[in-house]
Structures are given as structure tokens and as C-alpha cells.
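This report covers a two-chain model in plain terms. Please view the sequence and the coordinates first.

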Protein chains: 2
Amino acid sequence: MAAVLALSGGIGGAKLALGLARVLGPGELTVVANTGDDFEHLGLSISPDLDTLMYTLAGLDNPATGWGRRDETWTFMSALGQLGGETWFRLGDGDLAVHVERTRRLRAGETLTAITEDFRKRLGIGARLMPMSDDPVRTRVNTAEGWLDFQEYFVHRQCAPIVTGFEFAGAAAARAQPDILRILRQPDLRAVVICPSNPFISVEPILAVPGLRAAIAACAAPVVAVSPIIGGRAVKGPTAKMMVELGLTCTAATVAARYADLLDGYVVDAEDARSLDGRDVVVTPAAILMTSLADRERLARAVLDAADALRRHP
Amino acid sequence: MAAVLALSGGIGGAKLALGLARVLGPGELTVVANTGDDFEHLGLSISPDLDTLMYTLAGLDNPATGWGRRDETWTFMSALGQLGGETWFRLGDGDLAVHVERTRRLRAGETLTAITEDFRKRLGIGARLMPMSDDPVRTRVNTAEGWLDFQEYFVHRQCAPIVTGFEFAGAAAARAQPDILRILRQPDLRAVVICPSNPFISVEPILAVPGLRAAIAACAAPVVAVSPIIGGRAVKGPTAKMMVELGLTCTAATVAARYADLLDGYVVDAEDARSLDGRDVVVTPAAILMTSLADRERLARAVLDAADALRRHP
């Protein structure tokens, strides 16, 4: 039962994480969530990527929005608006239970890791799910209007400001979640998968936690990423817009270049494969657009096959 | 426009408070809420009596339960249970908005009075509504099983333990809300109304705040209480059970005796009036069971008439 470690942000990454969870045996998969998006709002500790992964892995995700829970109600938000509270960050009634209970337990001194581990068991999630760190890391976005907190940029301003850069406040002092380092040291580790998440705001905050990037580079397993870019476009979210604003070409190759020191394999859509000719990384063309549950499982198998092939023929 | 000050707990008191609000002009009524029931739960600051009064005065109360909001949903509670959170204190999704937003504002340094004043305006409540104090007072119940926090006794244990006494922790150090003292000093104050609330756990916590009892005794207006006991029975809640357990007779007279130093008038049901013969207080028989909205207004008028008569013929 060799372990697979997946790094993921929210929506796109969570789709592949679910595929991996479904094709791997119980206990084989560990998903590391970006917590750079975390923030305090209405006095509550909110971890958007961790929650999207949790809901997705539990089958509780909302397919219409890509975030939050299915079968959600919105009575809280409506009553909050009536009281003059801030309603720009939409919190569903069921979703709120996670934030209230997590906040209570964090204040009582439990770690985000321990709370997440308890929640995932209660929700019947077989894969392990953990934050990249129990210490706060906060992604901040430098824009033409100055520095913005991540959710201010992402949700409140809907990614409208022109991006010039990012910082991961707190990252330098953050300690990697120890279990991640432990898994990365396993000699029979099967694969490290970088899910098709936004490189700037989902994957790089994880890699910014001291020791994680080096531990991934040094691990025994093949490191395989899946491109979040298909045919020069991002499937969802602001990845393409950010690339343009940062003066980067919007290609699968641009994403691969950001992990060049780590990657052994790169799974991309057939139409993007040509642009990666001549690179050091082994490119595997596959159907990477995940629409159905079967798509998620098929891509997960393609990623694991690519890793296994790299392990046999490094 | 002479002021009327009403002291109230939750359900029964709120019915009369609504009646008073409807028969008095805008700005004439100030309702003082018991905050001895307040507690911290799930990391939220909850003020049950204040909220019952607020919802009732705003027409948002739930007539089926007597607490919480109408048109409520329960998605939060259901999701919280799934996560292993505490579900013995039922918090509806809309109700939760009050607790989350109030808690946020209290942590930001606002007073409970200021937050309540803002909420009541936003909810279109014409009467003023204020806590007895901005300092924490916590009713504790001594029982055959030892001391219990109020909500532990009241909600979690459903008033099952045998009561032997009460204490109002923090009361000695609490400062009365200054506006209450200011209103009580008005020479043209029309009436102080003690609503038909439980004496032990709703009215006496208010009277335990230093200075309030003396200010009521010294005020220029008649002090008129409405009996929470009708025909030897409590309309709702544990009043009768507590009286029996404390070795008191379950009569309207027993309640009046607890405010004997304050009362000028006492409005009781016709069938209870006989038991009060020969007391110093002026007894006004009236239909005090409030079923309909018209009942609430009728009783409010009877109470104000009783006060006005006492003012003319003290």
C-alpha cells in the first residue's frame, strides 16, 4: 500500500483529488490543502480550499457553484444582511457549521490538522486531508491598486484589479505539517501529484512553506503535475487572467516552468503537448478536462500510470 | 410623551412588551431585558431574552416555539450534528446571524446596548430595547445535584433538577445600563411595568443589578406588575415547578411578595384577585392570559390604566 501525496487548491484540484481517492485504496491517498486562502471573517476562521476539498471528497460539494455545500440554505446570509452585517462572502447555513465549530475548536487550542482529521472521519472521507501547515500563511495580492488581502481581491473584488505579484505572509515562519514531511520521506512513496490548481495562489503557497519544496524535490517518488491550462485557457478561475497580467504566456508550459525543479512528469491535454516538446519533463497527453465523475477517475488513473511508468523508467 | 419602562424576561414578558409597544406612541416605551440568561455557546455570545424581545417586537418571533425566529431553517444545526458539535441548544439559521454578528461586534469593543440599539432600528422596532447592564450577569441555579449554569439547567436538563436557590454571578459588580437610571429619574415617568415573567430567573436578575431596585422604588411613577400566575398555574415555563420546589405556594400573591417593596399596583386574573385581599398593593383584575394580539393590547391598556389611576389617586 504505497502512499500517494496530492497537493491541491480548491475547485479544479479537488476534482482530481476525488478521482484519486476513488481509484486508490483506503488510506493510500493524502491530500495537502492550500491554506493561503484562509482568513478570518465575521469572527470565524474560514479555510476555503480545505473546505472545498472536504466537501468534494465527502460527496457534499455543490456542483453548481464549485464551492460550498450541496442542498444548502441561505437563511443566515439573508438575516445577516437585515442586521447590516457583511454579506460579500457568501456563507451557506450548512457551511457555517464547519466555520463555527472549527473556530470554536481552534480557540480551544486544537490544531487545524486535528480538527480536519476529525471532520473528515465524521464525514466518511477515506483519504487523509490536511492543511499544508498549522501556522497561518496568508496570500496577499499586489495589484495596480496596491496590496490586497486574498479574499478581498478574489471574492470581494472578483479578481478585477490587475495583478503584479503575490506574497505569502507568514510562510517564512510556518512549519510544514509534520505528517507531510514524514510521507515524503517514505522510500516506497508511489507519487507526488500536483493537482490542476492555480500555480500562483494554490500551489505556490504550499511550496512556500519552508522545507516542503526541498522535501518534494528529494522524495523517492515521481512528481507529476496536471496542467490547469487546456488549449491556452484556464478551465475555471483567474489563472489565465493572472498570467496575462504578469506578462507570462498563457500555456501549459508556463505552469510547468514554475515547478521545473520538482517535476518528473506532466500530464497535459493533447492539444498542449506539442508546446512542451524538448523540455526535461516527461509529458503525458491525456483528456484532462474533468466533467463527469468518470473523467475524474480516468485522469487519476492516467496520472498514477504516468508516475508508475516514471518510477520503472526514471 | 411620558415614558414607560418595562422590565421583561422572554416569552410571557415579551407578549406584554409587544402589547405596550402597540398601544404606546413611538419612543414612549423602553423595554429592559434580563441578561442573566446570556451565555457563551459554540464561541458565540447568546442573549436569549433580549432576542425573544427583539424578535417579538419586530414581528419576527416564532409563535410555535415562543423562542427563535419565524420562517426559520435548521441546516446549520443538522450540519453541526454531522460534525460532532453540540446540538442541545437549538440555533436556527436566521437566529444565528444575530449571534454571529453580535459576537463579532462585542469582540470589536461595542457594547451590548449599542449593538441592540442598532439591531432594533434595522429591524424597524419603534420601542427602545436595552439590556439591564452591559456587564455580564450569569444566573446560576442551585439544585439537588449542585450548582448548574442557567442554560445547562434550563435547556440541556429541561428544568428537571430540583431547584433550591439561585445566584446572579457578576451582579454585584455590574453597572446598570445608564439610560435606565436616567429614565427612572424622569419626574413625568408614566409607569414602570414588571411584565408577567418568571420572578426568580427573569425579573430578579434585573433587580439584582446594583442601584436598579432602589431607583425603581424611588421613581415618580407607579410600579405595576402583571402576575405570571393564573389560577395557581404558570402560563408557560418552570415558574410553578420552581415555586413548589422552593416551598412557596404557587399563587399570584407569592410573586407579588417578592416585589412588595416596589409595587404600587398588581394586575392579576379575576380568579386570583381574592387571594390578594388585604394587601397593601392595589389589585386590578383583568383578563391576563394573552392568546391573541388583541389580548396583548387589551392587557397593555389595562396595565397603563391601572398605572394612570394610581398616579391620580396614589
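## Model and conventions

This is a predicted model, in which local features need pLDDT of at least 70, side-chain atom pairs count only at pLDDT 80 or more, and totals for chains, interfaces and linings use all residues. Residues are numbered from 1 along each chain as its sequence is written, while chains are lettered from A and ligands numbered from 1 in the order in which they are written.

## Relation of the two chains

Two copies of a chain are related by a rotation about an axis and a shift along it. Here chain A is superposed on chain B by a rotation of 180° with 0.0 Å of shift along the axis, at an RMSD of 0.0 Å. That is the relation of a two-fold axis. The superposition is by least squares on the C-alpha atoms of residues with pLDDT of at least 70 in both copies.

Which residue of chain A comes closest to the rotation axis? It is Asp93(A), with its C-alpha at 2.9 Å. The same surface serves both copies, as 100% of the contact residues of chain A recur in chain B.

## Contact between the chains

Chain A gives 26 residues to the contact and chain B gives 26 residues; two residues are in contact if their C-beta atoms, placed from the backbone, lie within 7 Å. On the side of chain A that touches chain B, α3 (75–82), α4 (93–107) and α5 (112–122) each supply at least two residues. The largest share, 10 residues, comes from α4(A). Helices (H or I, at least four residues) and strands (E, at least two) are DSSP runs numbered from the N terminus.

By class, this side of chain A has 11 nonpolar, 8 polar and 7 charged residues. In this scheme Ala, Val, Leu, Ile, Met, Phe, Trp, Tyr, Cys and Pro count as nonpolar, Asp, Glu, Lys and Arg as charged, and the others, Gly among them, as polar.

## The parallel sheet

In chain A, 7 strands form an open sheet with parallel pairing, in the order β5-β2-β1-β9-β10-β13-β14. Two strands pair if DSSP finds at least two bridges between them. The edge strands are β5 (128–131) and β14 (282–285) of chain A, and each pairs on one side only. Neighbouring strands of this sheet are turned by 20° against each other on average, direction ignored; the axes are lines fitted to C-alpha atoms.

At one end of that order, β2(A) (residues 29–33) and β5(A) run parallel and are joined by 4 bridges. Thr30(A) has Arg128(A) as its bridge partner in β5(A).

## The antiparallel sheet

Chain A also has an open sheet of 3 strands, ordered β7-β6-β8 with antiparallel pairing. Its edges are β7 (146–149) and β8 (163–169) of chain A; each has a single partner strand, so one side of each is left without a neighbour in the sheet. The twist from one strand to the next averages 25°. Strand β6(A) (residues 138–143) pairs with β8(A) over 6 bridges, and Arg140(A) is the bridge partner of Glu167(A) in β8(A).

In chain B, β6 (residues 138–143) and β7 (residues 146–149) pair in the antiparallel sense over 4 bridges. The two strands form a hairpin with 2 residues between them, and Arg140(B) stands opposite Asp149(B) in β7(B).

## A covered helix

Helix α1(B) (residues 11–23) has 13 residues and reaches 19 Å from its first C-alpha to its last, close to the expected 18 Å; the expected span is 1.5 Å times one less than the number of residues. Of its 13 residues, 11 are buried. Among them are Ile11(B), Lys15(B), Leu18(B) and Ala21(B). A residue is buried if 20 or more other C-beta atoms, placed from the backbone, lie within 10 Å of its own, exposed if 12 or fewer, and partly exposed in between.

Met54(A) is in helix α2(A) (residues 48–58) and counts as buried, with 23 C-beta neighbours inside 10 Å. Leaving aside neighbours within four places in sequence, Met54(A) is in contact with Phe119(A), Arg120(A), Leu123(A), Ile125(A) and Leu129(A). Met54(A) and Ala127(A) are 73 residues apart in sequence and 9.9 Å apart in space, C-alpha to C-alpha.

Asp71(A) is not a glycine, yet its phi is positive, near 50°. Asp71(A) lies in the loop between α2 and α3 of chain A and is exposed, with 10 other C-beta atoms within 10 Å. Cys159(B), not a glycine either, has a positive phi of about 65°. Cys159(B) is in the loop between α6 (150–156) and β8 (163–169) of chain B, and with 17 C-beta neighbours inside 10 Å it counts as partly exposed.

How values were computed
Axes are lines fitted to C-alpha atoms, for helices over the stretch in contact, and angles run from 0 to 180 degrees between N-to-C directions.
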